[in-house]
Amino acid sequence: MKKCCTILLQRNLPDITNKIGDKIIKNSSHLTDFYVVESGSDDDKLSKFKNNTFHANWPEAKRMGLRTGRGFNYGLSELEKLGKKYKYYFMITGDTVFETDDFVNVLVSEMEKHGKMGILSPLSRGWTEFKGMWGSNRTMACTLIPHVSWIVRRELIEVIGKDYNKDYMGYLYDGENFRCYDADTEILVKCYNNNFFPAVTSKVFMTEDSFLTDRNVDVMKTERRELHRKLMWDEGMAWLKKKYGFDGKIPMRNLLNNSCANFFKRNQDLIGVVT
């Protein structure tokens, strides 16, 4: 069994899936297996990686897709059904563009350096709060990082998964939060609370093609970005209120910051960790 598996979440864009998959296989096939979660895609719009595809083809998924949380939950649950376990799970959204070709190799190498690094994300030049890292060629612990392309340690996924039925509605993500506003923040909180830390690295750069959906909205059979963002916000606020009793995003940010602070109180040897 290889150390890593890469899970690409996509919907109705086989050409983009093929391009990403070919790049990963060409440069990192010795290290990672490659899987695709087709998020309710049409039957005639699957990629060439059909033998390694988990197709969410039930009616609700066909109509609405799975989005980030349910999509990666589905991929993880299907891998478990197959009895496949990896040391690392690299979960990529379909609008991710990497600047270099050896990104999987670099990310796995960085994870290997720290046993308590639970999550690692490449750096995006759009994240201005990390601008000081540009050109620094370093990896450092952080707090808030959105899930665009995360590599996650199996032990962290397993401990989070104990809270769920391990299906598409709950495995790593809480599937009740359909569009996942702050659902990734919840994972970061759980990362720190379970004695792991999340990190970001400028040794790999990525871009989130935020207008990919708008360019392909008819093919993908989904809503445009602006409508999606409004729905994501509204659903996220309702989820935060129902699950945590929070009125807005700030209490969730405070929860994350407190979890981070408590982790480093327990792990003072990791304060300021940089590789």
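Predicted model: local features only at pLDDT ≥ 70, side-chain atom pairs only at ≥ 80, totals over all residues.

Lys23, Ile24, Asn27 and Ser28 of helix α1 meet Phe103, Val104 and Asn105 of helix α4.

**Helices α1 and α4**

- Helix α1 spans residues 14-28, and its axis lies 8 Å from that of α4, with a packing angle of about 60°.
- Because of this angle, α1 is classed as oblique to α4.
- The residues in the contact of α1 with α4 comprise three nonpolar, three polar and one charged.

- Glu99 belongs to the loop that links β5 (96-98) to α4 (103-113).
- With a relative accessibility of 41%, Glu99 counts as partly exposed, since that class lies between the limits of 20% and 50%.
- Leaving aside residues up to four places away in sequence, Glu99 touches Arg125, Phe205 and Thr207.
- With one of these residues, Arg125, the side chain of Glu99 forms a polar contact of 3.0 Å.
- Between Glu99 and Ser124 there are 10.0 Å in space, C-alpha to C-alpha, and the two are 25 residues apart in sequence.

**Helices α6 and α10**

- Helix α6 (residues 183-193) and helix α10 (residues 250-266) have axes that come within 8 Å and cross at roughly 20°.
- This angle is why α6 is described as roughly parallel to α10, the cut-off for that class being under 35 degrees.
- The crossing of the α6 and α10 helices is left-handed.
- On the α6 side, the contact is made by Thr185, Glu186, Leu188, Val189, Tyr192 and Asn193.
- On the α10 side, the contributing residues are Met252, Arg253, Leu255, Leu256, Ser259, Cys260, Phe263, Phe264 and Arg266.
- Sorted by class, the contact of α6 with α10 contains nine nonpolar, three polar and three charged residues.

- Asp174 is located in the loop between α5 (154-161) and α6.
- Asp174 has a relative accessibility of 8% and therefore counts as buried, as the limit for that class is under 20%.
- Apart from residues up to four places away in sequence, Asp174 touches Tyr164, Met169, Glu186, Trp239 and Lys243.
- The side chains of Asp174 and Lys243 are joined by a polar contact of 2.9 Å.
- Glu186, which Asp174 touches, is also one of the α6 residues in the contact with α10.

Terms used:
Residues numbered from 1 in each chain as written. Heavy atoms only, no water. Axes fitted to C-alpha atoms, helices over the stretch in contact; angles between N-to-C directions. Helix = DSSP H or I, 4+ residues; strand = E, 2+ residues; numbered from the N terminus. Parallel < 35°, antiparallel > 145°, perpendicular 65-115°, else oblique. Left-handed = near helix turned anticlockwise from the far one by under 90°. Contact = heavy atoms within 4.5 Å. Nonpolar A, V, L, I, M, F, W, Y, C, P; charged D, E, K, R; others polar. Buried < 20%, exposed > 50% of the residue type's maximum accessible area, 1.4 Å probe, protein only. Polar contact = N/O pair within 3.5 Å; in protein donor to acceptor, adjacent residues only side chain to side chain.
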